[in-house]
Structure formats: structure tokens, C-alpha cells
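Hi,

Here is the structure I promised to pass on.

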Amino acid sequence: MRSINPVVKVIPNIRNATIKLSEKTVDGTRNATVFLEEVATFIIFMVRTIKETFSRDFEFKEFLRQCFQIGYKSLPLISITGAIMGLVLTIQSRPILDNFGAVTLLPGMVAISLIREIGPVITALICAGKIGSGMGAELGSMKVSEQIDAMEVSSTNPMRFLVVTRVWAATLMLPLLVLYADAWGIMGSWMGANIKGDVTFVLFFSQAFKFFQLIDFLPAVIKTFFFGAVIGLVGCYKGYTAGRGTESVGIAANSAVVLASLLVIIVDMIAVQITDMLA
Amino acid sequence: MKMPAGREDVRKKENGKMEQVKDISNSGKKAREAVVEISNLRKGFGDQEVLKDVSLQLLNGENLVVLGKSGSGKSVLIKCIVRLLRPDEGSISVLGKDVSTLNRDDLGILRQKIGFLFQSGALYDSMNVKQNLEFPLRRIKKHILQKEMDEKIAEVLENVGLSDALYKMPSQLSGGMRKRISLARTIIVDPMIMLYDEPTTGLDPVTSDEISLLINEVQKKYKTSSLIITHDIECARATANRLVMLQDGSVYKNGGIDEFENSEDPLIKSFFK
């Protein structure tokens, strides 16, 4: 029996491996292209939104309606979340501070944690879920049912009417919602402090803001404008660029929440780095 | 304008319409200007070519029905007319203006003269009927007084036979009512050209007939030129002054209703059997 040359045996394996590698390279390149296209489209959308903001005929009435929808209608959810944030933070932190005999620092610690980081981020994430998904689903369904086209043919610029108003309403309402959540957080913290103690609200409040400085407050407020802008832009972008089928409405809403939440965390990270450098 | 009672009325109207077709053909010697002129239009999506070299004219004051199977490119055609879609090749002239070269402001002005009835109605879900009707009016006639606006809304709602639907939300309306309100929203700004995208699709025969009658009455009352996209032969019979059939993205036949009815072509016969 003739023996087969081992090199000949290996050739098909090398060929298969080469084919698989080239297929994966093509897939990878295709995915990277799709990703870069998506990023480019989002940047174009963002630039168009900014450009339309400064064009004539700002839709002020629709902007106020969106402020009401985004701001006022989110108050119950934000109140409950804020109060629970403060309450839980206080209950969890108390035993640790107790070990070091530093329970008196509890109000200050909770207030700084809430106002600097936890309040803005948690509120933004909740808003990414509520507002971002709402915008994605609403604009997505308007796209599917040709309402955006109907607006376009009735001489209304849908970018100006639907997108600009929503993005600016989210940008301006989110800082207010965060401040509101912070206030409820401090209330919740006071309630938490009273579970195992007895402290008046006035005393708790004065203790809470004893160590507080402008540098704790200002960056936290500034970054919430960016959180709002990110949520509004992503929600509108996903809805406005949704496909034609009803399935795409769900996809738009879902991807709006995921992308907005991710970008909120990334913006927070950048904001913290900038604040740290400036401090 | 009163709402139709049923199919018999449509037949009477149809007869009336047939006479009107004859009138138009008799007066054809008088030069009738084209309000929409489409030349060598091509439009594709990716590898799929939907419209291949379509040329047609919509003459002033006529109802032109564009027939064709689903997927033959009818809806793409009217979306190109208002530049919701940009053609790949060819030219579209509306009221003497080349649609593809207009800037955004000029396109907006031109669109004010065109009414577009969408297949789904496309009423704004977040607004009630009154707000839906006010929406285009506020934008196109910017200095209109509230009183004038209310009168105009009452007039168009009466014309479509839905005066009592003023404060209803779109979700509270039936399919036929949505189409009628959508038509009211379109005619409220007095357009010169009406584009109907499948006006009777998804409606029962009686409501379809009512919509067909309404299309004729809009033409008569508002002196509009209409391009009606449909695959509903009853609607075509009731409304058409002239028909164009699209097949595989090109114009297959262009002529009067009689020519289509009497055609021996198997494809046309399959529509008109």
C-alpha cells in the first residue's frame, strides 16, 4: 500500500482554515462597516437636530407639550425612585458608619453621594427607560403608519416638529427631574435615619449640607443636561430611523433604551474624569 | 354634499362619470395642460428596480387612475411626485416645476398645492380630529383666525359626512371614518392636485363606494386634478376619467375606461373580469 505524503494530507485542512478565516474577516469587516455607518448616521442626525434648532419657526407649543410629557408625567416615578434611593442608601450605610462611630456624618455622606453621582445616574437611567423607549416607540410607530410622511407633505418639517422639540425638552427637563429626585432622596434618607434614631428634619438637613460645596453641585447639574440630550437624541434617532414593519417599532424602543443607558454611563465616566481634572 | 346611501347611488354616479369621460374626450381638442408630467422615471431599492422608465401625464381637472398589481410600483410612483422618495433617473414636473431640483423651502410651497391621502390614513394619533384638521391649516395659512379655522373645519367635516367626530381621537374611528377624516385634512388647505394612495384598500364594499363617491365630489367641488393609485376595479370604474396600468415597473396601457373594459389583453381582462 502506498503511503500518502503528510503534506498532501494537511493541505485540505489548511484550505478549510483559510476559507473560515477569510469568511470571518469578511463578516468582521461587514459588521465594522455597519457599525461605522450607524455612528455616521447618528452624527449626521445630531448635527441636523442642532441645525434645525437654530432655524426659524421653532415649534414652541410642541416643545412645551413635550416638557409636560417628559417632565410632569415622570414626577411620580422619579419621586418613588428618589425616596427609595435615599432610604436604602441610609439603611445600608448606617451600620458601617456606626462601626467607626461616625453616624453623625451619615446625612452629609448620603447627600453628597446622592447629589454628585447616584441621583443623576439613577434618574438618567430611569428616564432612558421611560422617556427613551417612549420616544423610540412613538416616532417608530409614526414612521410605520406614515404619519411622518404625512407631516412632511403638509409642509411641516418633521425634524423640527418631532425631534428638535423632544431633544430640547429632554435636555432641559432632566436636570429638573434630577434635582427633584435628589430632594426626594434626602427626604427618604431622613426617613431611613428615623427608623433607628430620632432626628428632626431641620437638623438632618443642616447636617446634610454642612460639608457641601459648589464643586459638589455644579458638575453634577451640568452633566445632567448632557444625559438629557443623549436620551432625547438616541430615543428620537432610533424612532425616526425605524424600519417600515411593526416589528421595527419594538426594536426601536428596545435599542433606544439600551443605547441611551450605555451612553449615559459613558458620558458620566467622561464627566467624572473632567471634574476630577478640574478639581 | 351628502354621503351616499349605497351601491346603487354609485352606479348612478358612475354613469354620470362615464358621461363626464366622454365630455373630456370631446373637449380634448382644447389643449389641456398637464399639471403633473413624469418622464422616463426610474426608481430602485438596492438590486430591485421598481420603476423602469415610466412616463405619464396628469391633465388639469382629470381623475387619472393608476392600476396595477401589488408591488408594481404604484405607491413608489406617487411618493416620487411629492419627493418623499427621490427618483434615480428621469424628471417629474408638478405645476411646471421640476420637483427634483427644488430646494426645501420651494418644495414646501409646492407641497401646499398637493393633497396626499395615505393608504393608512396617517392621522396623528396624539391629536383629536379637530387638532388633526388644524395642523396643516395652521402651517399653510399662518395668519388664519381661529373663527375662520373653525368654519373651515366645520365645512370639510360636513363635506365628508362626519360633523359629529370633531373631538374624537383617531383610535375611536373606524377604517372608513379614518379615511374620510384624512381626506378632510387633505382638502382643508384647498389643494390643486390630489394624490390618493389606495383609497379603498381594507374597506368593505359599501364604504369603498362611499370613498369613491367622495373622490368624485372633491374633484367637482374643489376643481382638483387627481391621481388615484388603486387595484380596486370598482373604485377605478367609479372615479376614472382615464386609466394607466403599470406592470413590472412600466406603463402597460394608457386609455379610457371603455378601452380597458373592452380589451382582449389577458392581463387587463384579469383585472376587469
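Predicted model: local features only at pLDDT ≥ 70, side-chain atom pairs only at ≥ 80, totals over all residues.

**What I found**

Let me start with a sheet in chain B: four strands form an open sheet in the order β2-β1-β4-β5, paired in the antiparallel sense. The edges are taken by β2 (48-59) and β5 (97-98) of chain B, and each has a single partner strand, so one side of each has no neighbour in the sheet. Further in, β1 (residues 34-45) and β4 (residues 89-94) of chain B are joined by five bridges, again antiparallel.

Of its 273 residues, 42% are buried. Taking the contacts in chain B with a separation of 6 or more, 69% are between residues 24 or more positions apart.

α1(A) does meet another helix, α6 (residues 158-193) of chain A: their axes come within 10 Å and cross at roughly 95 degrees. An angle of 65 to 115 degrees counts as roughly perpendicular, and α1(A) and α6(A) are therefore roughly perpendicular to each other. On the α1(A) side, the contact is made by R48(A), T49(A), E52(A) and T53(A), while α6(A) brings in M159(A), R160(A), V163(A), V164(A), V167(A) and W168(A). Sorted by class, the contact of α1(A) with α6(A) has five nonpolar, three charged and two polar residues.

Finally, the place where the two chains touch. Chain B puts 15 residues into the contact and chain A puts in ten. On the side of chain B that touches chain A, α3 (104-111), β6 (114-117) and α4 (129-140) of chain B supply at least two residues each. Which element gives the most to that side of chain B? α4(B) does, with four residues. By class, the residues on the side of chain B that touches chain A are ten nonpolar, three polar and two charged.

Cheers

How values were computed
Residues numbered from 1 in each chain as written. Chains lettered and ligands numbered in written order. Pairing = 2+ DSSP bridges. Contact = placed C-beta atoms within 7 Å. Nonpolar A, V, L, I, M, F, W, Y, C, P; charged D, E, K, R; others polar. Buried ≥ 20, exposed ≤ 12 C-beta atoms within 10 Å, placed from the backbone. Axes fitted to C-alpha atoms, helices over the stretch in contact; angles between N-to-C directions. Parallel < 35°, antiparallel > 145°, perpendicular 65-115°, else oblique.
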